[in-house]
Amino acid sequence: MSPKLPIYLDHAATTPCDPRVVEAMLPYFTEKFGNPGSRNHSFGWEAEAGVDAARVQAARLIGANEKEIVFTSGATESNNLAIKGAAYMYERAPAGSGRSRGHIITNAIEHKAVLDPCKRLQREGFEVTFLPPGADGVITAEAVRAALREDTILVSIMWANNEIGTISEIPQIGALCHEKGVILHSDGTQWVGKMPTNVARDNVDLLSWSGHKIYGPKGIGALYVRRHKPRVRLNALADGGGQERGFRPGTLNVTGIVGLGKACEIAAAEMDRDAERLLRLRRKLEHAITSRLEVTKVNGHAEKRLPHISNISFGFVEGESLMMAIKEIACSSGSACTSASLEPSYVLKTLGVGDELAHSSLRLSLGRWTTEAQVEYAIENIVAAVEKLRRLSPLYDMHKEGIDLSKVEWAHH
Ligand SMILES: *Cc1c(COP(=O)(O)O)cnc(C)c1O
């Protein structure tokens, strides 16, 4: 039986809310609507109890203590608070002194929610190293070791990449940072809730994640802030009522927090099963596409990759035509819309994927309710679309005739 269309294969962009999460949230809109800061009545206590329980659920997912969890509006805010908050707290020289305020290491394929705060700090007088990953997309401890300096104050490396799913060597990078007395932040948005995480074992000091990437609601996230060995301090970015130990003031988003907590609890219980199932489906997808279509390439390291994200480049097809031809599959392309023009993905570009090939790349990301039938539909649809587009392509004809296109002299206009 063919699946209901369209098919959602864009779980790296956002996930549907788990119905169990919605159910847990509902009472907090209407009956338990109190402000957890209201200390004098049961409405406040009830709301506070909901927040306290969620804090324990979030902490358990990553092997932390509940006192180490700060609720935010999402991973973007968590990243900003971690990176700018640590930079301002641990700066080596004051702004305007003419000296470097301190050195920060990050990498070139981070999400914009890390790159942009780092670029702001650079403009403000911090020195930032943007490490290039290997061609396989993996950020190694060796690369970080080579970039560390005596004045390095912070390392921020994503746990897993959102476009290609590759996994960084976080435990090893963390061990290195601890040895050198440098703070390690990780953007764990694609990792936490999908793969086993333990901040003690994995040597992470600051860890960001988000509700809507783990079947929770949008607009809620968390930041883990280590309290022992070392005790990490942060400059708050906003001033207000002192909530969240002063790190993040403002009335708590109780419904969102309860939803995030429930999503974390479900993730902890079900991630092993989900990961195993999704890995099998992803392998089936990749194997079928690459064996049935020539000149296709799965981007990123073959093994060090999340179970549910697949990024595939298709030679000899035009990116926009490909997206048009697979309209019933909701996924992402290797192009990013910037105002008027289509830019090739900076992640694929950094990995050495050419502009043309980056445009004709697809990110297919599977999720908790992705079925075998949906994956089979996607395979047939994508294979048919690519074959059809290639039949129309003069370049593909030349390639079939054995002409080496890299040696063709192109006419210039
Ligand atoms: C989605 C995502 C973010 C942004 O998260 P929000 O909660 O939407 O702000 C940050 N980093 C990565 C790696 C992501 O995938």
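Let's begin with helix 8, residues 254–292, which lies across strand 2, strand 7 and strand 8 (221–225). Against strand 7, helix 8 runs at about 100°. Do keep in mind, everyone, that this is a predicted model.

Another helix to find on your screens is helix 5, residues 112–123. Helix 5 lies across strand 3 (103–107), strand 4, strand 5 (152–156) and strand 6, and its angle to strand 4 is about 145°.

In what order do the strands come? Reading across, we have 2-8-7-6-5-3-4. That makes seven strands in an open sheet, and the pairing is mixed. Which strands stand at the edges? Those are strand 2, at 69–72, and strand 4, at 127–131. Each has a single partner strand, so one side of each is left without a neighbour in the sheet.

Let me zoom in on one pair. Strand 6, residues 183–187, and strand 7, residues 206–210, pair in the parallel sense, over three bridges.

Last stop, the surface. V22, L26 and F29 form a nonpolar patch there, and together they have about 270 Å² of accessible area. F29 belongs to helix 2, which covers residues 27–30. How exposed is F29? Its relative accessible area is 48%, so F29 counts as partly exposed, the exposed class being over 50%.

Terms used
Residues are numbered from 1 along each chain as its sequence is written. This is a predicted model: local features need pLDDT of at least 70, side-chain atom pairs count only at pLDDT 80 or more; totals for chains, interfaces and linings use all residues. Side-chain values use heavy atoms; hydrogens and water are left out. Patches are made of residues with over 30% relative accessible area and no salt bridge: like charges are joined within 9 Å, nonpolar side chains (Val, Leu, Ile, Met, Phe, Trp, Tyr) within 5 Å. Accessible areas come from the Shrake-Rupley method with a 1.4 Å probe; for residues, only the protein chains shown count as cover. A salt bridge is a side-chain nitrogen of Lys or Arg within 4 Å of a carboxyl oxygen of Asp or Glu. Helices (H or I, at least four residues) and strands (E, at least two) are DSSP runs, numbered from the N terminus. Buried means under 20% relative accessible area, exposed over 50%, partly exposed in between (1.4 Å probe, protein chains only). Two strands pair if DSSP finds at least two bridges between them. Contact means heavy atoms within 4.5 Å. Axes are lines fitted to C-alpha atoms, for helices over the stretch in contact, and angles run from 0 to 180 degrees between N-to-C directions.
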